[in-house]
Amino acid sequence: MHNNAVESRFRELDILRNSMLASDTFRGADNLALFYSLYKTAQMHGVEFETYMRKAISVMTEHMSEIEFEKDNRGTIIGYKSDSISKEVLESVMPWNLHI
């Protein structure tokens with residue numbers, strides 16, 4: 001890695017690309033891309049990402065009963081099916097609306 005400003009700007013994308021290539025499934029790569037998008041959105045809005053995630057997870061935990069997960073035959077959660085969480089709650093945890 002050089003100390004070149006242009007290379008530094010693309011380093012995050014390269015790490016993301018390598019991570020997606022290492023994902024076992026398309027679904028894993030898709031989830032990783034969504035997570036990265038959320039990370040960059042928080043960054044754009046001046047929100048510290050770890051603090052943001054803690055707040056978002058605590059809000060979503062309050063609504064766990066409204067989320068339906070996909071489970072395997074052992075009862076292990078393997079995915080997300082649907083939810084009935086109100087749009088207002090979801091909108092409130094977006095980086096551009098979260099006031100930490």
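This report looks at the fold, the nonpolar core and the aromatic rings of the protein shown above.

Keep in mind that this is a predicted model. The protein has 4 helices and 2 strands, and reading from the N terminus they come in the order α-α-α-β-β-α. Of its 100 residues, 19% are buried. Take the contacts between residues at least 6 apart in sequence: 38% of them join residues at least 24 apart.

Now for the inside. The largest nonpolar core has 12 residues, among them Ala42, Phe49, Tyr52, Ile67, Ile85 and Leu98. Helix H3 (residues 49–61) is the top contributor to this core, giving 5 residues.

Phe49 also turns up among the aromatics. Setting aside neighbours within four places in sequence, Phe49 touches Phe35, Leu38, Tyr39 and Ala42. The structure has 4 aromatic pairs, and ring pairs tie Phe35, Tyr36, Tyr39, Phe49 and Tyr52 into a cluster. Here are two of the pairs:

| Pair | Centre to centre | Angle between planes | Type |
|---|---|---|---|
| Tyr36 and Tyr39 | 6.1 Å | 40 degrees | tilted |
| Tyr39 and Phe49 | 5.2 Å | 90 degrees | edge-to-face |

Tyr36 and Tyr39 sit 3 residues apart in helix H2 (residues 26–44), so about one helical turn separates them. Tyr36 is buried, at 17% relative accessible area, while Tyr39 is partly exposed at 26%. Phe49 counts as buried because its relative accessibility is 15%, under the 20% cut-off.

Methods: Residues are numbered from 1 along each chain as its sequence is written. This is a predicted model: local features need pLDDT of at least 70, side-chain atom pairs count only at pLDDT 80 or more; totals for chains, interfaces and linings use all residues. Side-chain values use heavy atoms; hydrogens and water are left out. Buried means under 20% relative accessible area, exposed over 50%, partly exposed in between (1.4 Å probe, protein chains only). Contact means heavy atoms within 4.5 Å. A nonpolar core is a set of buried Ala, Val, Leu, Ile, Met, Phe, Trp, Tyr and Cys residues joined through side-chain atoms within 4.5 Å. Rings of Phe, Tyr and Trp (its six-membered ring) pair if their centres lie within 6.5 Å; planes under 30 degrees apart count as stacked, over 60 as edge-to-face and the rest as tilted.
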